[in-house]
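Subject: Model handover

Hi,

Here is the structure I promised to pass on. Please have it open while you read my notes.

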Amino acid sequence: MSLFKARVFVHLRPSVLDPAGEATRSATKRLGIDGVTQLRIGKSIELEIEAASKEDARSKIEIMSDRLLANPVIEDWTLEFKDEQKSLKN
Amino acid sequence: MNIGVIVFPGSNCDRDVRWATEACLGVPTSFLWHETTDLDGYDAIVIPGGFSYGDYLRCGAIARFAPVLNSLISFVDKGGKVLGICNGFQILTELGILQGALTRNKNLHFICDKANLSIASTKSFWMKNYKKLDSISLPIAHGEGRFQCSSDVLKKLQDDDSVALRYFDNPNGSIDDIAGITNKNGNVLGMMPHPERACDDVLGKIDGKSILSALLS
């Protein structure tokens, strides 16, 4: 088994209004920065998972992302592995 | 007639529901801890409002995996009557028993108010004391009540007569002014407004009584 570090980024689908993002965008003007045309807020979930291979880790994280971390009705997600795997000593 | 009210860590309307069903309507009501799996002997299950498991991640996202909800799926399949109120509605959508999802109110505020509602469908068991387009007023109290779904799902909900309640003055940005929906068979109703808070004359309006008294007839 190896330990894999990964990050799942969950964000609202483009068609779903993000009022928190809009409120934050309006604050950028008050900060004095013009030209921010789009600002949307998502969640970053960092996790470590033990798996036999990177493919195995990927398929487990995909199930988690579809069924727990994101709600596919309103959210999309992307997955990235953070760094090289570490071997686990049993 | 026996009613079970599911209690999660973080539920806060469970006692209100029991007050409405037992004290106001006289229906025997028990609390069901979220770890139970036995729903035998219950005619109806209510999932009350609150913040189940703290509503971390998303409203209802963690509650959805509670042992009691596995049993609820077969309870629904067998035609058992289920009412999800507020957080209960959110949990039913996370569970996939009801379609769509509920997310942050458009104005970002937690809204605690009265909402004027129109009965959009009487297909559901819970709506049998109403006529279509009847008007009622119920309390609302939520931060994440904006009902969202794809245009395909919305069309299906409309075609199936599954939109149960609409807001007259949409407070949260819900698509199609939706305040509550039912499943295709009509035995499950999910709604953001709180009928259990409008069953006792002492509290003012009693418009919620007609929904819960469907259990009596």
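Predicted model: local features only at pLDDT ≥ 70, side-chain atom pairs only at ≥ 80, totals over all residues.

Residues are numbered from 1 along each chain as its sequence is written, and chains are lettered from A and ligands numbered from 1 in the order in which they are written.

Cores first. A nonpolar core here is a set of buried Ala, Val, Leu, Ile, Met, Phe, Trp, Tyr and Cys residues joined through C-beta atoms within 7 Å. Buried means 20 or more other C-beta atoms within 10 Å of the residue's own; exposed means 12 or fewer; partly exposed is in between; C-beta atoms are placed from the backbone. The largest core has 67 residues, and B:Ile45 and B:Val46 touch the most other members. Helix H2 (residues 67-77) of chain B gives the largest share, five residues. Helices (H or I, at least four residues) and strands (E, at least two) are DSSP runs, numbered from the N terminus. Another core, of eight residues, lies apart from the largest one and includes A:Ala6, A:Val8, A:Ala57 and A:Ile61.

Next, the chain contacts. Contact means C-beta atoms, placed from the backbone, within 7 Å. Nine residues of chain A are in contact with 13 of chain B. The chain B side has four nonpolar, five polar and four charged residues. For these classes, Ala, Val, Leu, Ile, Met, Phe, Trp, Tyr, Cys and Pro are nonpolar, Asp, Glu, Lys and Arg are charged, and the others, Gly among them, are polar.

Then H3 (residues 87-95) of chain B. Nine of its nine residues are buried. Its cover includes E3, H2, strand E4 (81-85), strand E5 (101-103) and strand E11 (188-191) of chain B. Just after H3(B), B:Gly96 has a positive phi of about 85 degrees.

Finally, two loop residues. Most residues other than glycine have a negative phi. B:Asp55 has a positive phi of about 55 degrees. It lies in the loop between strand E3 (44-47) and H2 of chain B. B:Asp55 counts as buried because it has 20 C-beta neighbours inside 10 Å. B:Asp176 also has a positive phi, near 55 degrees. Its loop runs between strand E9 (163-167) and strand E10 (178-182) of chain B. With 15 C-beta neighbours inside 10 Å, B:Asp176 counts as partly exposed.

Best wishes

Note on methods: Contact = placed C-beta atoms within 7 Å.
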